[in-house]
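Have a look at the model first, and then follow along with me.

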Amino acid sequence: MSIPLPSGHTRARPKGSSSSASVTLISPPANPSPAPAPASGHVLAVGSPGPSRDLLTRTLKLTGYEVTHAVPGDVHRQVRQAPPDAIVALDDGPDGRRQGIDVIREVRADPAGQALPLLMVTAARTHLPGTVVDLLRHGADDCLPEACDPRELSARIAAKLHRVPVPVENLLRDPRTGLYSGPHFMDELDRELSRPAAARRGGVLAVVGVAEMAALETRLGPRVRREVAERLAGVAEKLGGVCDRLGWDEAGQLLVLMPGVDEETATRSLREFAASVAGTRFVVADENVRLTPAVGWTPLADYADHTRAAEHARDAASEAVRHRDLRPVRYEPWMRASATHRHRRGRAGLRVLLTWVTRLLSPVLPLVLGVGVPFLLYQQAYELGWDAAGFAYWVVVAGLVLSALLIMLECLFSLDATGRPDRAAQPYPPASAVIAAYLPNEAATIVDTVESFLRLDYPSDLEIVLAYNTPHPLPVEDTLRDMAARDPRLVLLPVAGSTSKAQNINAAVTRVRGEFVGIFDADHHPAPNAFRHAWDWLSNGYDVVQGHCVIRNGDSSWVAKMVAVEFETIYAVSHPGRTRMYGFGVFGGSNGFWRTDLLARTRMHGSMLTEDIDSTLRALNEGARIAMDRTLISRELAPTLLRPLWNQRSRWAQGWLQVSLRHLWGALRSPVFSRRQKTGLSVLLGWREVQPWLTLQILPILLHAAWRAGGADRLDWAVPVCLMAAAVTMSAGVVQAAFAWRLAVPELRRRKAWFWRYLLVSTFFYSHFKNFVARQAHLKEALGDRQWRVTPRAAVPVAVPDTAAVAEPAVRT
């Protein structure tokens with residue numbers, strides 16, 4: 001920065017300096033220009049002590065400004081003690097280290113510094129276009145080279161002091177984001193609402209919040225609100241469509257006005273927007289982040305002014321933040337804060353009533369619907385001259401034989417299941433493990449689980465994220481915090497307000513750093529090589545790989561032994577065989593590994609009782625490839641009592657029904673799936689729901705036959721077709737148990753007695769138990785009873801189950 005000296009004076013060249021020093025310390029011209037007019041004002045000069053700051057100070061004083069100093073890191077105190085009219089900062093620290101961006105952040109993070117004019121002075125070697133753009137984008141108001149004329153510096157400061165700035169909120173559109181400011185957006189909304197109802201024809205107001213906003217603001221300051229709104233608007237504009245008027249409010253929420261569209265079109269557009277945002281990595285305040293858009297919306301038809309419409313859309317967005325599952329949430333009256341308590345109390349009472357109705361009717365209603373009603377229909381049809389029972393008999397026989405043959409085919413295909421690739425196609429990237437836990441239920445097991453994860457063998461960075469919720473503090477949290485302090489790989493992520501595993505996973509997926517994510521329940525102990533083997537699949541073109549879940553407490557009870565063998569029939573036989581047979585795999589909820597980008601777009605839907613199967617169908621519909629690897633081992637705990645097993649299987653059965661109702665018809669019409677895959681989906685989602693009721697039909701058929709024959713003793717039980725069907729049906733169980741033993745993990749394969757016991761119990765009890773549970777689940781879904789009863793975990797395998805370990809259930813909405 002050249003400083004004119006009084007006439008007749010010359011600069012003394014420092015000893016040892018060269019003529020090149022005249023770049024910044026130049027002699028005045030022979031006929032110097034008149035000195036700049038004195039200016040008035042207080043300027044804070046920010047920079048490390050040294051020649052550059054001294055030179056800047058002299059320049060400012062010569063141009064008439066009062067000057068005080070601050071070093072980087074002390075700006076906040078100086079601004080508070082003696083508020084300046086403007087700040088001029090140097091972008092060159094000691095030893096040539098650039099410090100301009102740090103100074104900008106320091107100034108703008110202070111509310112008193114947000115409105116102050118901030119000019120940056122750069123060294124000659126760093127005054128490059130890229131540097132200037134960088135400084136301006138981070139919040140500087142102007143940028144000048146150190147060698148600029150003092151009169152230019154003075155003029156630029158004066159221009160910013162004397163020209164009153166227009167607040168962004170007073171502009172029609174934000175010049176930086178291109179969005180309507182909050183007040184002007186509401187004016188646009190009022191104009192839309194004031195149109196005649198006949199001319200308005202629908203329309204939707206949406207508010208888009210970001211679940212991570214509070215954490216971003218805490219870490220990066222309030223300016224991120226504006227940046228986040230800008231990023232969201234960029235995605236909306238890129239997608240185009242019906243989002244033609246966009247604004248933002250002071251909370252950083254995106255405001256979307258969608259006039260003249262029906263609710264279905266609006267919901268589809270908002271869902272596409274949310275998925276696009278979730279699948280994009282954004283740069284916010286120089287950090288690479290993922291954002292979880294929380295979209296709340298309300299139709300415009302019921303509003304006359306913007307106040308209530310905006311409040312209701314924001315209430316819906318707050319509800320969407322709680323779930324983090326990317327689904328747009330329509331406003332409902334209970335979302336108003338004043339009605340929340342009353343609504344939830346009413347819902348709780350209705351849930352209790354439905355639970356008791358279900359429990360009272362559960363033994364009776366399935367028999368009435370599955371046996372009594374068909375029996376009466378067979379009688380009425382017979383009296384009308386049609387032997388409907390005879391037709392139903394052949395349908396049932398064919399159905400039983402078909403089910404048995406499908407089981408046998410799965411067994412045969414499981415022998416030829418696709419093997420894991422020999423090696424990874426790419427170097428091992430950073431990876432993340434997410435453990436989802438409800439601590440009151442998992443306090444006895446979570447420490448052992450975390451320790452097992454910290455012992456994993458993975459050649460690259462591996463972070464372990466424990467995403468948990470708890471209604472009250474627990475002593476085990478102190479233990480976990482101590483573990484996290486000792487090992488930085490462990491990241492504790494309390495998810496406030498969470499009521500489901502899905503919400504915990506959704507909260508974690510935006511925080512993980514890994515290129516792929518392993519999802520686990522809180523009782524899982526994965527094999528040491530699990531993440532290496534998972535990458536072998538993912539690096540070779542797969543998007544998800546599901547591993548083999550093995551029971552590790554089979555010695556605890558006869559129930560645990562039975563479940564241990566059943567898991568082998570599922571994970572060692574059915575899943576691999578089905579994947580090979582139909583050309584797609586499924587994600588089983590735990591010991592599954594996802595590419596992080598896909599999981600971020602897909603998320604888990606907490607309203608589904610089996611969010612894993614739901615996410616599978618949504619991922620497959622995007623074209624994802626899901627592999628099944630029975631050598632990818634993780635060991636977990638099984639229920640040790642029949643009641644917890646009932647609760648677990650009831651939830652599974654009802655969840656599968658929900659997925660079938662939501663996805664089957666759409667999947668069969670989707671061009672994404674091949675005919676082979678659609679056949680598999682028909683079996684997986686359609687036939688499995690029909691089979692429990694079909695097997696029950698043998699009872700009304702036999703009752704009708706006995707009624708026609710005049711008594712059960714007059715029936716001929718040695719009908720060849722009937723005997724053959726029974727033999728085929730029973731042999732399927734034998735074949736499945738044999739294949740499960742053949743393909744089981746070594747520690748279970750040694751337990752031959754367990755497999756014989758399973759074959760016996762399954763044939764005469766357990767298969768009927770599961771069919772009964774499935775019918776009961778259908779009844780619960782029809783009555784709207786969707787409460788999730790958590791499966792209790794024991795701390796360690798014990799001979800006698802410890803009932804004290806049974807904890808309170810998590811709330812599930």
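Before the first entry I wrote down my burial scale: buried means under 20% relative accessible area, exposed over 50%, and partly exposed in between, with a 1.4 Å probe and protein chains only. This is a predicted model, in which local features need pLDDT of at least 70 and side-chain atom pairs count only at pLDDT 80 or more, while totals for chains, interfaces and linings use all residues. Residues are numbered from 1 along each chain as its sequence is written, and side-chain values use heavy atoms, with hydrogens and water left out.

**Entry: strand E20**

I looked up Ser 634, which sits in strand E20. (Strands, E, of at least two residues, and helices, H or I, of at least four, are DSSP runs numbered from the N terminus.) Is Ser 634 buried or exposed? Its relative accessible area is 0%, so Ser 634 counts as buried.

I then checked its side chain and found a polar contact of 2.7 Å with the side chain of His 524. (A polar contact is a pair of N or O atoms within 3.5 Å; within protein, one must be able to donate a hydrogen and the other to accept it, and residues adjacent in sequence count only if both atoms are side-chain atoms.) Leaving aside neighbours within four places in sequence, the contacts of Ser 634 include Phe 520, His 524, His 548 and Asn 591. Contact here means heavy atoms within 4.5 Å.

Leu 632 lies in E20, residues 626-636. I noted Leu 632 as buried because its relative accessibility is 0%. Beyond the neighbours within four places in sequence, Leu 632 touches Ala 534, Val 545, His 548, Asn 591 and Phe 593, among others.

**Entry: helix pairs**

Two packed helices are described by the angle between their axes and the distance between the axes. My axes are lines fitted to C-alpha atoms, for helices over the stretch in contact, and angles run from 0 to 180 degrees between N-to-C directions.

I started with H6 (residues 182-193) and H11 (residues 306-323), whose axes come within 9 Å and cross at roughly 115 degrees. H6 is therefore roughly perpendicular to H11; that label covers 65 to 115 degrees, with under 35 roughly parallel, over 145 roughly antiparallel and the rest oblique. Met 186, Leu 189, Asp 190 and Leu 193 of H6 meet His 306, Ala 309, Ala 310 and Arg 314 of H11.

Next came H14 (residues 388-415) and H25 (residues 698-709), with axes that come within 10 Å and cross at roughly 145 degrees. Ala 389, Ala 392, Tyr 393 and Val 396 of H14 meet Ile 698, Ile 701 and His 704 of H25.

Last, H20 (residues 558-582) and H24 (residues 675-696) pack at about 140 degrees, with axes 8 Å apart. On the H20 side I listed Arg 578, Arg 580, Met 581 and Tyr 582, and their partners in H24 include Arg 676, Gln 677 and Leu 684.

**Entry: positive phi**

Most residues other than glycine have a negative phi. Which value did I find for Arg 324? Its phi is near 55 degrees. Arg 324 is in the loop between H11 and strand E12 (329-330), and is buried at 17% relative accessible area.

Arg 603 has a positive phi of about 60 degrees, although it is not a glycine. I placed Arg 603 in the loop between H21 (596-602) and H22 (611-621), and Arg 603 is buried, at 1%.
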